[in-house]
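The sequence and structure come first.

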Amino acid sequence: MPCHPEPTFDANAPRGAKEFGDLPEWDLTDLYPSDDAAELKRDLDWLEDSCRSFAADYQDKLADLSAEDFLTAIHRHEKIENIAGRIMSYAGLRYYQLTTDAQRAKFLSDHQEKITIYTTPLVFFTLELNRIDDATVDALFDANADLARYKPAIRRIRAMKPYQLSDEMEKFLHDLGVVGDAWERLFDETIAGLEFEVDGEPLNIEGTLNLLTEQDRSTREAAARELAAVFADNIKIFARVHNTQAKEKEVMDRWRGMSTPQTGRHLSNDVEAEVVEALRNAVVAAYPKLSHRYYELKRKWLGLDTMQVWDRNAPLPMEATRTVGWTEAEETVMNAYTEFDPRMGEIAKPFFTKGWIDAAVKPGKAPGAFAHPTVTDVHPYVMLNYLGKPRDVMTLAHELGHGVHQVLAADQGEMLSSTPLTLAETASVFGEMLTFRRMLDNAKDDAEKKVLLAGKVEDMINTVVRQIAFYDFECKLHDARRGGELTPDDINALWMSVQAESLGPAFEFMDGYETFWAYIPHFVHSPFYVYAYAFGDGLVNALYAVYEENPEGFQDKYFDMLKAGGSKHHKELLAPFGLDASDPKFWDKGLSMISGFIDELEAMEG
């Protein structure tokens, strides 16, 4: 049961705060007209009554239902999910627009608590479902084709069967969920409220991170040192949040009998641990030919003996500093989408015209970017912090890809539309690739092509190498927390243990960089989320290679994959393209595309 929107933050995308044309803002009235709307009270009352009546009608009776009655129960459960999801989407999106506003924070918290209380009677549903034997469940599916459509969702629920606790304990944990949410809000509000000052200018975190992509090296250094200083001043809060969240997870995992801290994420992603491990190992083995090799090239371009962390996302010396207005960004992405398939352009268009994007940087607004699907009978909303950088155009392409995917999957309904994280990044990364390829094809000369190629390689390194390094950091953090409380210095040391390995010998690390784990929201909101970025990038690289080799009919197969939402396993979704993510060589195919781009850059040097 969704209790808040799960933001898909891009922790690497740089942001800041100026005007770049007529930037769109969200119109949330498609969810509710206002925070005191009669429709909102109506839905809350309906939800409370419907949860109570659902439990009265079905508790202790699931195993004896006919196939038709079981289908009715699922439809009723989906309607409850829909209304709860609509309420929490509205409350959550209002909050993310202004996380420092006490009224919005209270509104979100109050509604989280209400929905947690209202939905507690539903906890029995998955518990009883998992007590039904396999033969009975299979017979129900065989008896009703409409019910059989829900087999993938039921299979994912029943995958939790070995980790299920008593009914009483599950209800207790359900009620306790709002406590964990409070730690997430503490993190969000702390991050949004941080104040920085660079060269006399007051900035929020977005504006300060944005300076790390400035052409002037002294400005980048000043920003990096200011980030380190402010993080250090607040490091005890961030360490407390991480310690608490990791300990809560350890207790949950231990009670459920999960063998590793990652097990729960793999189950929710509907992906095998072996597949993730193969991805991780392939990326780590490729560090020397990817990040190490690229950053050595960049070190030479920048004319440095050694790079510092503030040089990692620096523009290239030959790169013209330019601001991309919102209109140009929209046209670039829309043209790329429409050239691939006009249907994709049609799906994307309302995001720009109907208030489905919130783009401007504003005080108190949540950092980063995300696409939130809301519920299947409304539409997604995209959040950006747009600052006119070329990379911001790629972030728009990325989040719009999520939005298109969510629109296409909505017909599956609440139980089947949600795509596991490993596949949820497919359309977003593919949207980036389409936009990049269009920009590359339109490059005026080799110099512009070189800048574009280098920018894409950096984005891929951020998406693959950096995220796998994040994943390794999280694995180490959760393992270490099982041995006791971690001091800020302990966490700092774990962070630094993955940095040199992933970035390579071209780098030095300034004093203070050890605290930069503190602002990454994935670690708090969605432990082990980050490998989904690498999974998505590798998958898309392999998909795009198929598209280039044999474009005939590719679009229809691609749309079918997105429309499937969460109704199929990754093996089934990739089969029409002749791909298999469980084959270790699959990841080498994706990584070779990044390596090939670096080959091109090296050839340009020659």
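Arg256 lies in helix α10, residues 217-256; helices are DSSP runs of H or I with at least four residues, strands are runs of E with at least two, and both are numbered from the N terminus. This is a predicted model, in which local features need pLDDT of at least 70 and side-chain atom pairs count only at pLDDT 80 or more, while totals for chains, interfaces and linings use all residues. Residues are numbered from 1 along each chain as its sequence is written, and side-chain values use heavy atoms, with hydrogens and water left out.

**Arg256**
- Arg256 has a relative accessible area of 16% and is therefore buried (under 20%; exposed is over 50%, partly exposed in between; 1.4 Å probe, protein chains only).
- Its side chain makes a polar contact with the side chain of Glu170 at 2.6 Å.
- A polar contact is a pair of N or O atoms within 3.5 Å; within protein, one must be able to donate a hydrogen and the other to accept it, and residues adjacent in sequence count only if both atoms are side-chain atoms.

**Aromatic pairs**
- The structure holds 48 aromatic pairs (Phe, Tyr or six-membered Trp ring centres within 6.5 Å; planes under 30 degrees apart are stacked, over 60 edge-to-face, the rest tilted).
- Trp26 and Tyr381 pair edge-to-face, at 5.9 Å centre to centre and 80 degrees between the planes.
- Trp26 lies in the segment before α1 (38-58) and Tyr381 in strand β5 (residues 381-383), so this pair ties together parts 355 residues apart in sequence.

**Charge over a ring**
- Arg86 lies over the face of Tyr32, 5.9 Å from the ring centre (NZ of Lys or CZ of Arg within 6 Å of the centre and within 35 degrees of the ring normal).
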